[in-house]
Amino acid sequence: MAIVEVKVPELSESVADATLLEWKKKAGEAVSADDVLIEIETDKVVLEVPAPVSGVLTEIVEPTGATVLANQVLARIDTEATAGVAAPAPAAAPVATAPVPAKTVAPAAASAAAAPIAMPAAAKLMADNNLAAGSVAGTGKGGRVMKGDVLGALQGKAPAAVPATVPTGVPTHALPQVVNLARPDLGDRPEQRVQMTRLRARIAERLLQSQSTAAILTTFNEANMKPVMDLRKRFKDQFQEEHGVKLGFMSFFVKAAVHALKKFPMINASIDGNDIVYHGYFDIGIAVGSPRGLVVPIIRNADQMSFADIEKKIAEFGTKARDGKLTLDDLTGGTFSISNGGVYGSMMSTPIINPPQAAILGVHATKDRAMVVDGEIVVLPMNFLALSYDHRLIDGREAVLGLVAMKEALEDPTRLLFDL
């Protein structure tokens, strides 16, 4: 017998632990090398744990929902075993939700190991109505029993299938399984309680950290996007043919931001205790909406990249975010960020700084507006720019002039060629 252990992969220094999502294989099943056995969720990314060798998954050490550390043993594979022979898998770890009163779990105690997990509201309703554990089929994630399932059982109805809420192509682990709140068996005041994902909890933590530790102020300006739009229209076909990627607007915003950061290094700096850290490189975070929530992958050394390189990297990040394939390295670091609310139709916003960075640029939807140019009213495609900055580090002068430098680079892209 040759036993090979399956372990949690290395996590970054900023990630203390991870949560097991759902086992893709069962104990006793044959597996091939590189088959995905389970996905683990950190507060930044979802990582796939592949089978290191071919054989039989003889033992699952840690159940779905368990919290694990780097290099912890998850399972064991026997390279010489026959499929179908395995140690029993451990019971799924309980879901971390609001505490359930003792009376709600007592009727299920005898069969808890075999019964599907009941969410707290569902467990209480089952106990109040003397329903045995395992007597109600669950429609929640991983077969969890929801309150609606119990109400349906009490009314003599089979639980209805949960409507699909995840768009095609989105990993099923990405979103909580939200039930249809319009179901009649949920009553006239329906509600659903779902556990916050690790990423959403991390987002909440960092946003509060940003607002409670930084003196955030936002300055605004408007940019005439016609020069960029004309340049893009003139070269977009040739650009795509030459580089195999579309010429978008984000590469212009990245270039304009780097242009301004070079002029005003304070905007590219950060605070560490009582020290100011001036970064001699330009790692630009691009806020991307993913099925799991907002993530900010990093374009490293953006000052050394061409427009094509930036567009390719942004496209790569978009695909990886959609498929849940972003790595810890993709999301670590960054000296300045850009948030593009314009893709969703936003006209104006005050973006929140991504600590420990000192500033973030918010760009918005470009709309035709009546503008006065040389005493004449003309229609121009305008974009409101918003620069949120940490006033502890950046004075108003540097913030305003930095945003003006970005505006000027967008309104006259040739400045980027001559570093003006």
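# Reading a predicted chain, feature by feature

Reply: The structure holds 16 salt bridges, and before we look at some of them, please keep in mind that this is a predicted model.

Me: How should I read the confidence of the prediction, and what is the mean pLDDT of the chain?

Reply: The general idea is that where pLDDT is low, the predicted coordinates should not be read in detail. Here the mean pLDDT of the chain is 81, and 81% of its residues reach 70 or more. Residues 95–114, however, have a pLDDT below 50, and this stretch has 21 contacts in the model beyond near neighbours in sequence. Residues 157–177 also stay under 50, and for them the model has 36 contacts beyond four places in sequence.

Me: How many helices and strands does the chain have, and what percentage of its residues count as buried?

Reply: There are ten helices and 19 strands in the chain, and of its 420 residues 42% count as buried. The chain exposes about 21400 Å², with carbon and sulfur atoms supplying 54% of that area. If you take the contacts between residues at least 6 apart in sequence, 62% of them join residues at least 24 apart.

Me: Let us return to the salt bridges. Which residue does Arg76 meet in a salt bridge?

Reply: In general, side chains of opposite charge can pair when their charged atoms come close. In this model the side chain of Arg76 meets that of Glu59, at 3.1 Å from N to O. Arg76 lies in strand β8 (residues 73–78) and Glu59 in strand β6 (residues 55–60), so this pair ties together parts that are 17 residues apart in sequence. Arg76 is partly exposed, with a relative accessible area of 25%, and Glu59 is partly exposed as well, at 27%.

Me: Which residue forms a salt bridge with Lys7?

Reply: Lys7 forms one with Glu5, and the closest N and O atoms of this pair are 3.9 Å apart. Lys7 is partly exposed, with a relative accessible area of 41%, while Glu5 is partly exposed at 37%.

Me: How many residues apart in helix α5 are Asp230 and Lys226?

Reply: The general idea is that an α-helix has 3.6 residues a turn, so residues three or four places apart point the same way. Asp230 and Lys226 are four residues apart in helix α5, which means that about one helical turn separates them. Their side chains meet in a salt bridge of 2.8 Å, N to O. Asp230 is partly exposed, at 39% relative accessible area, and Lys226 also counts as partly exposed, at 38% relative accessibility. As for networks, salt bridges that share partners join Glu5, Lys7, Glu59 and Arg76 into one.

Me: How do I check the length of a helix, and how far apart are the end C-alpha atoms of helix α7?

Reply: Helix α7 (residues 307–322) has 16 residues, and at 1.5 Å a residue it should span 22 Å; its end C-alpha atoms are 23 Å apart, which agrees. The buried residues of α7 are Ala308, Ile310, Glu311, Ile314, Phe317, Lys320 and Ala321. Among the elements that cover these buried residues are α5 (226–243), α6 (250–263) and α8 (328–331), together with β13 (288–290), β14 (293–295) and β15 (298–299). After α7 comes Gly324, whose phi is positive, near 70 degrees.

Me: Finally, which residues make a nonpolar surface patch?

Reply: Leu417, Phe418 and Leu420 make a nonpolar surface patch of about 380 Å². Phe418 is found in helix α10 (residues 414–418) and is exposed, with a relative accessible area of 59%.

Key:
Residues numbered from 1 in each chain as written. Predicted model: local features only at pLDDT ≥ 70, side-chain atom pairs only at ≥ 80, totals over all residues. Heavy atoms only, no water. Helix = DSSP H or I, 4+ residues; strand = E, 2+ residues; numbered from the N terminus. Expected span 1.5 Å × (residues − 1). Buried < 20%, exposed > 50% of the residue type's maximum accessible area, 1.4 Å probe, protein only. Contact = heavy atoms within 4.5 Å. pLDDT = per-residue confidence, 0-100. Patch = residues over 30% accessible without salt bridge, like charges linked within 9 Å, V, L, I, M, F, W, Y side chains within 5 Å. Areas by Shrake-Rupley, 256 points an atom, 1.4 Å probe, with all protein chains shown as cover. Salt bridge = Lys/Arg side-chain N within 4 Å of Asp/Glu carboxyl O.
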